[in-house]
Amino acid sequence: MCVRDLLSFFTILPLGGRGLGFSCLWALPYLGAAVVGGAGAFAFYLTGDGRVAYIALLAATGLNHVDGLADVADALMVRDRGRARAVLEDPHRGAAAVFAVSAAVLLGASAHVDGWWDYILADSYSKALTVVAAAFSKPFKPGLGAEFITHARRQWPAALPALALAAWLNPRAFAVATAAALLLYAAAYRHLGGANGDIFGFLLEISRVAYLYP
């Protein structure tokens, strides 16, 4: 079942997916956000503490996207494109990775939200924005990122309702987050000469935090 495969990859749920396919990518901003954003929403509903809520949200992702944020942050510190791409494969973490992850977690955890629903909305927005951005990107190497792009090009219109809802419910956060996230994505994309899975993880993390924080 393609939805099970999708949720197995993008969440920590032990669903036993058959593979890492993206044929149900249309469901990511909806079902994926229901699980990931829902974890943050549930924690906030129980505790009223944004720090607990954001940690719960991150835990529900399995920390996969945080790894992409860390890798891209380190790669941006290397001027040569070939070496920067090699940094993405290096398991060691530099100062930029530590700073980027720490800043993202701190901002996400200290965001002033209106209610538990903001965590679902922010996660849905970040996933929808990433699907749309991927549809208009090119991969710089074969792999999961390239497969993600292939499916995003066919399914990206399905993400538009999630973006429209995020814009309608919080237009200021939508404008600020979209401008900031796409600017940083464009910088990473240009620096590396294309996209891969790490860059999409980077975009997922920064766009979610940017939407929550304003």
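Leu63 sits in the loop between α3 (50-61) and α4 (64-76), where helices are DSSP runs of H or I with at least four residues, strands are E runs of at least two, and both are numbered from the N terminus. The model is a predicted one, so local features need pLDDT of at least 70 and side-chain atom pairs count only at pLDDT 80 or more, while totals for chains, interfaces and linings use all residues. Residues are numbered from 1 along each chain as its sequence is written, and side-chain values use heavy atoms, with hydrogens and water left out.

Leu63 counts as partly exposed because its relative accessibility is 48%; buried means under 20% relative accessible area, exposed means over 50%, and partly exposed lies in between (1.4 Å probe, protein chains only).

As for the overall fold, the protein chain is built with 11 helices and zero strands. Its radius of gyration of 16 Å agrees with the value near 17 Å that a compact globule of 214 residues would have; the radius is taken over C-alpha atoms, and the globule rule is 2.2 Å times the number of residues to the power 0.38. Along the principal axes, the C-alpha trace spans about 45 × 40 × 30 Å. Buried residues account for 50% of the 214 in the chain. Of the contacts (heavy atoms within 4.5 Å) between residues at least 6 apart in sequence, 71% join residues at least 24 apart. The chain exposes about 9900 Å², with 67% of that supplied by carbon and sulfur atoms; these areas come from the Shrake-Rupley method with a 1.4 Å probe, and for residues only the protein chains shown count as cover.

Then there is the disulfide, meaning a pair of cysteine sulfur atoms within 2.5 Å. A search of the whole structure turns up one. Cys2 and Cys24 make the pair, with their sulfur atoms 1.6 Å apart. The two lie 22 residues apart and link distant parts of the chain, Cys2 being in helix α1 (residues 2-10) and Cys24 in the loop between α1 and α2. Cys24 is buried, given its relative accessible area of 6%, whereas Cys2 is partly exposed at 24%.

Helix α2 (residues 28-47) holds Leu31, which is partly exposed with a relative accessible area of 37%. Setting aside neighbours within four places in sequence, Leu31 is in contact with Val3 and Leu7. Leu31 and Leu6 are 25 residues apart in sequence, with their C-alpha atoms 9.3 Å apart in space.
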